[in-house]
Amino acid sequence: MTKLRKKSHFRWLFLALLLALLPAAVYAQAEPITDDEVNEVAQDVYCPVCESTPLDVCPTAACADWRELIRTKLSEGQSRDEILEYFARQYGDGVLANPPRRGASLVILWILPLLLVLVGLLLFSRLLRGLRRPTAAAPPPRPKSTTGDPALDDYISRVEKEVDE
Amino acid sequence: MTDTIPTTTTPVEAAPRRPIRWSMIALWLAVIAILAVLAWGLLNATAGRPEVGQAAPDFTVEFFNGYEWDARPVADLSDMRGRPVVLNFWASWCVECRYETDVLEQTWLKYRDDGVVFLGVAYADVEPNSIAYMKEFGVTFPHAPDLGTDISQDYEITGVPETFFIDKDGVIRHVQIGAVDEQLLDTIIPQMLAE
């Protein structure tokens, strides 16, 4: 009997605890999304009207609408990636600060720079190889001219020395 | 006496075969790829905005629910060939668009039975706002969002509102940057219908 009563008490206690926690859970759900949370996503989206202006700092009406859209989607529980994906699908990859690696973005932003680096490395390695290669053998030293006249030989050797210098 | 040039019959030694230089092949392939991408970019950059007298770029639209054309949820511009098309770019956040929406609706009602197609394309707009705007003005002609901003990019619009008048053959006859008015619509549409 006492065991049953204890169980019943425990159940009531558990229910009371649940009821006490319920408003907190509901409040947590209904907690408004702050501007900071919106801007955290908005900074990775560009304004469709002004060029190169991130959404979080753009004063246009279009951007205000887009920020509200982000707020709505965050309140619906959508993640940052899901929201960015939605924007890309709806307005094109061009509105994203970090375009996804697909299509033209993949070629222009990733493959082309990589190719340029590879070409640069290849050219550089060829240049280095060319520098290391021994240059053509130096021409053999000219034989000392001998005329039989020591004075003339001396004169010629001095002229050659001057020319070499 | 004739001198004869002695001929040698020694066999010509085969030239040593040069090994394939993969680095050179890779280098040239990379250079060709880079040039191809640059050429593609250059072509796109110089493609330019479609002007009056040129063919209107074709596109596909997915209409807003309740704003379909010819009871189709999806249509191409080419499906409308044989009818004049008034292609209007707008947005709910655009203040100037508010001056022309009523005029467009009234003109559409006036010419709809003559076979003119009015097509509103919502540029960079939030869908619920677009629908609220159309309801606010009681718009009934076909409307669609510019998904991926593909259409506005193809037409290289300078902003909203902007209206392209496309004749029965799919050729652009007039481009209106800024709001249209009744006089303009009543001048161009009958001309396109008469052709």
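The elements of chain B follow the order α-β-β-β-α-β-α-β-α-β-β-α from the N terminus. In total, chain B holds five helices and seven strands. The model is a predicted one. Chain B has 195 residues, and 33% of them count as buried. Among contacts in chain B with a separation of 6 or more, 71% join residues 24 or more positions apart.

Strand β3 of chain B spans residues 85–90. Six of its six residues are buried, so β3(B) is largely enclosed by the rest of the structure. Both faces of the strand contribute. B:Val85, B:Leu87 and B:Phe89 point one way, and all are buried. B:Val86, B:Asn88 and B:Trp90 point the other way and are likewise buried.

Two pairings of β3(B) were examined. With strand β4 of chain B (residues 117–122), β3(B) pairs in the parallel sense over six bridges. Here B:Val86 stands opposite B:Phe118 of β4(B). Helix α2 of chain B covers residues 97–111. Together, β3(B), α2(B) and β4(B) form a right-handed β-α-β unit. With strand β6 of chain B (residues 162–166), the pairing of β3(B) is antiparallel and runs over five bridges. In that pairing, B:Thr163 of β6(B) is the bridge partner of B:Asn88.

In chain A, helix α2 (residues 35–42) packs with helix α3 (residues 61–75). Their axes lie 9 Å apart, at an angle of about 110°. Angles of 65 to 115 degrees count as roughly perpendicular, so α2(A) is roughly perpendicular to α3(A). From α2(A), the contact draws on A:Glu37, A:Val38, A:Val41 and A:Ala42. These residues meet A:Arg67, A:Ile70, A:Arg71 and A:Leu74 of α3(A). By class, the contact comprises five nonpolar and three charged residues, with no polar ones.

The contact between the chains was considered next. Chain A gives 18 residues to the contact and chain B gives 17 residues. On the side of chain A that touches chain B, α3, α4 (80–91) and α5 (103–132) each supply at least two residues. Of the elements of chain A, α5(A) gives the most to this side, with eight residues. The residues on this side of chain A divide into 15 nonpolar, two polar and one charged.

Methods
Residues numbered from 1 in each chain as written. Chains lettered and ligands numbered in written order. Predicted model: local features only at pLDDT ≥ 70, side-chain atom pairs only at ≥ 80, totals over all residues. Helix = DSSP H or I, 4+ residues; strand = E, 2+ residues; numbered from the N terminus. Buried ≥ 20, exposed ≤ 12 C-beta atoms within 10 Å, placed from the backbone. Contact = placed C-beta atoms within 7 Å. Axes fitted to C-alpha atoms, helices over the stretch in contact; angles between N-to-C directions. Parallel < 35°, antiparallel > 145°, perpendicular 65-115°, else oblique. Nonpolar A, V, L, I, M, F, W, Y, C, P; charged D, E, K, R; others polar. Pairing = 2+ DSSP bridges. Right-handed = clockwise from strand over helix to strand, strands pointing away.
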